[in-house]
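Welcome! Open your viewer, get your selection tool ready, and follow along one stop at a time.

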Amino acid sequence: MGAASSPQPVSHPSRASLRDRLPAFPWDRLEPYKATAAAHADGIVDLSVGTPVDPVPGVVQRALTAAADSPGYPTVWGTPALRDALTGWAADRLGAQGLDHTQVLPVVGSKELVAWLPTQLGLGPGDKVGYPRLAYPTYEVGARLAGAEPVVYDDPCALDPGGLKLLWLNSPSNPTGRVLGADELRRIVAWAREHGVLVVSDECYLELGWEADPVSVLHPDVSGGSTDGLVAVHSLSKRSNLAGYRSAFLVGDPAVLGDLLQIRKHGGMMIAAPVQAATVAALGDTAHVDEQRARYARRRAALRAAFEAAGFRIEHSEASLYLWATRDEPCWDTVAALADRGILVAPGDFYGTAGERFVRIAFTATDERVDAAVRRLAP
């Protein structure tokens, strides 16, 4: 018998092509500055990531615990109680009256949805995905994962509608905190409907308006009372400190959500049953939302005053969990200078080249850490 042939290396032709389609993961670039800030004698003040630091509300924890004995598979569509909670909340908070269960869909966190929505909608080469010039980077990632063309805009109605299949809105904006008014949203919706473009509005910060009252794309003043061609994305991560629960949901066009439901059933994309119960509890309680808003309002006021006194200019920032700040220098110079004081912020170019002279400052830090930042920024 001849000698056994040497095993051949396994080829993964798709791996390189997929990697080439994706941008570098931006947060890896921040690690050296994080190490510098962490070396501060009083420890790091991390204002770079908008992750909640306050306790999960007791009413939510109790609901989660009560549903802990859930040995069977949950459904992708969620329990009837969850769907009731979603339609009820959308009516009360968004003004979207008369919705039924076909117009809501729970999802496993909003980032998963943003990243995979173009793929789940069947987009690919030749299709375009529009998103704001300053934006959450996952909009671009989602387009690239599907093989579609990402297209940035200043005014979405100025885009060439040819090949444009999906238009992302984000109000309140991450990173700028800018809020789109009802008139502007209505104009965009009319344009998109005229050209047959699906509008998906990322509204995860809608309950965190400070100097503006954010309005949903599904509000009848915007939508005309119809969900046709419209989907709104909402999350409990910010309003209820549930980032660790991965609970988010869609509201809107039943034709779009029906297709997504079937795809997600095949993919097994389901929220854990205890988390579904916790979501019902969170949406049914407003006291914890008011309490958390009050915490953020205090931290926002303290940080804004401190950064302005330190020579920063704050732009937009009328809503969301961030201050969009500049002192008219390259953003990485600002990041480095603040890291030397033990304060970590996000460079604005993470969100597009238009942000290269800004930094994003999150006020998702404890009161003690916010107080530390205020002291360090003092002249």
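Where is Gly342 found? Select it and you will see that Gly342 sits in the loop between H12 and strand E11 (343-344). Keep in mind as you look around that this is a predicted model.

Is Gly342 buried or exposed? Gly342 is buried, because its relative accessible area is 0%, and buried means under 20%.

Ala35 and Gly342 are 307 residues apart in sequence, yet their C-alpha atoms are 9.3 Å apart in space. Next, show what touches Gly342: leaving aside its neighbours within four places in sequence, Gly342 is in contact with Ala37, His40, Gly43, Ile44, Val45 and Arg376.

Next stop: the largest nonpolar core, which has 65 residues. Select Leu47, Trp168 and Leu250, the members that touch the most others in this core. Then colour helix H12 (residues 331-340), which supplies the core's largest share, five residues.

Zoom in on Leu250. Beyond its neighbours within four places in sequence, Leu250 has contacts that include Gln103, Val107, Leu113, Val231 and Leu260. Apart from this core lies another, of 43 residues; Leu185, Leu206, Val217 and Val222 are among them.

Select Cys204, Glu207, His234, Ser235 and Arg239, which of its 13 lining residues lie nearest its centre. By class, that lining has seven nonpolar, two polar and four charged residues.

Notes. Residues are numbered from 1 along each chain as its sequence is written. This is a predicted model: local features need pLDDT of at least 70, side-chain atom pairs count only at pLDDT 80 or more; totals for chains, interfaces and linings use all residues. Side-chain values use heavy atoms; hydrogens and water are left out. A nonpolar core is a set of buried Ala, Val, Leu, Ile, Met, Phe, Trp, Tyr and Cys residues joined through side-chain atoms within 4.5 Å. Buried means under 20% relative accessible area, exposed over 50%, partly exposed in between (1.4 Å probe, protein chains only). Helices (H or I, at least four residues) and strands (E, at least two) are DSSP runs, numbered from the N terminus. Contact means heavy atoms within 4.5 Å. On a 1 Å grid over the protein atoms alone, a cavity is a set of points where a 1.4 Å probe fits but cannot get out, and a pocket is an open set with protein on both sides within 12 Å along at least five of seven lines; lining residues have an atom within 4 Å of a point. Ala, Val, Leu, Ile, Met, Phe, Trp, Tyr, Cys and Pro count as nonpolar, Asp, Glu, Lys and Arg as charged, and the others, Gly among them, as polar.
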